[in-house]
Amino acid sequence: MIPGNKIVYIIGFMGSGKSTAGKKLAASLGWAFIDLDRKIEEQAGKTIPRIFDQDGEDHFRKIETQVLRNTESLTETIISTGGGTPCHGENMDFMLATGITVYLKLTPAQLTNRLLESTGERPLIKNIPDNQLYGFIENKLARREKWYGRANIIIEGINLDINLLHSIVTSYSDKSITTNL
Ligand code: S3P
């Protein structure tokens, strides 16, 4: 049984597959899907790289927090968040209070392999040379774990089995579970 207002937040580092998993989980549950980054872009009227360039990261974080708060009245919705969403503006407390949080956990090496393909689209890593990307990810992930690690459900994100995620989410009661595939 899914408690509360039936919202599942997918959290995790950039490149962990949150949007793909969120869309598949929503389809499998027959729920709606929201990608928080796209909502931020709609609200700001510009892309995330442009928000970072023109207005700075602090401004981006303000919009991100506001857009997240606006999801409160939704029900039966999967929300995939940005990699930094849980780590700013008491957003993790908000998500824990209003839905179920699922952390898609990947290792720094797995994330590096996936992000090497797409550094240019992501403001936080676009200026990092390829040979320094692993170190950057390892460091930032270690600092972010204190938020990510509070998720209700922690699941290995690489080769994620959506049927398994579906059954874990629907059978979730009120205690934290850690699942390793
Ligand atoms: C960010 C992750 C991005 C996006 C922004 C900041 C972060 O989302 O919200 O560039 O702080 O890790 P993805 O995790 O979807 O790439």
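## The ligand site

An oxygen atom of the ligand lies 2.8 Å from an N or O atom in the side chain of D37. This is a predicted model, and the distances given here are computed from it. The side chain of R144 also takes part, with an N or O atom 2.7 Å from an oxygen atom of the ligand. The protein covers 93% of the 390 Å² of accessible area that the ligand has on its own.

Around the ligand there are 13 residues. The closest are K18, D37, R61, G83 and R144. The ligand takes up the space of the largest pocket.

T81 belongs to the loop that runs between β3 (77–80) and α5. T81 counts as buried because its relative accessible area is 3%, and the cut-off for buried is under 20%. A polar atom of the T81 side chain is 2.8 Å from the backbone oxygen of I10.

Apart from residues up to four places away in sequence, T81 touches Y9, I10, I11, K18, L36 and M95. One of these, K18, is also listed among the residues closest to the ligand.

## N91, in helix α5

N91 is part of helix α5, which covers residues 91–98. With 0% relative accessibility, N91 is buried. The side chain of N91 has a polar atom 2.9 Å from the backbone oxygen of H88.

Beyond neighbours within four places in sequence, N91 is in contact with T65, L68, R69, T85 and P86. The C-alpha atom of N91 is 18 Å from that of Q43, and these two residues are 48 residues apart along the chain.

## Two residues with positive phi

E76 sits in the loop between α4 (57–69) and β3. Phi of E76 is near 45 degrees, which is a positive value in a residue other than glycine. E76 is partly exposed because its relative accessibility is 33%, a value between the cut-offs of 20% and 50%.

E90 is placed in the loop between β3 and α5. Phi of E90 is also positive, near 55 degrees, and E90 is likewise a residue other than glycine. E90 is exposed, as its relative accessible area is 63% and exposed means over 50%.

How values were computed: Residues numbered from 1 in each chain as written. Predicted model: local features only at pLDDT ≥ 70, side-chain atom pairs only at ≥ 80, totals over all residues. Heavy atoms only, no water. Helix = DSSP H or I, 4+ residues; strand = E, 2+ residues; numbered from the N terminus. Buried < 20%, exposed > 50% of the residue type's maximum accessible area, 1.4 Å probe, protein only. Contact = heavy atoms within 4.5 Å. Polar contact = N/O pair within 3.5 Å; in protein donor to acceptor, adjacent residues only side chain to side chain. Near = heavy atom within 4 Å. Areas by Shrake-Rupley, 256 points an atom, 1.4 Å probe, with all protein chains shown as cover. 1 Å grid on protein atoms, 1.4 Å probe; cavity = no way out; pocket = protein on both sides within 12 Å on 5 of 7 lines; lining within 4 Å. Sits in = over half its atoms within 2 Å of the grid points.
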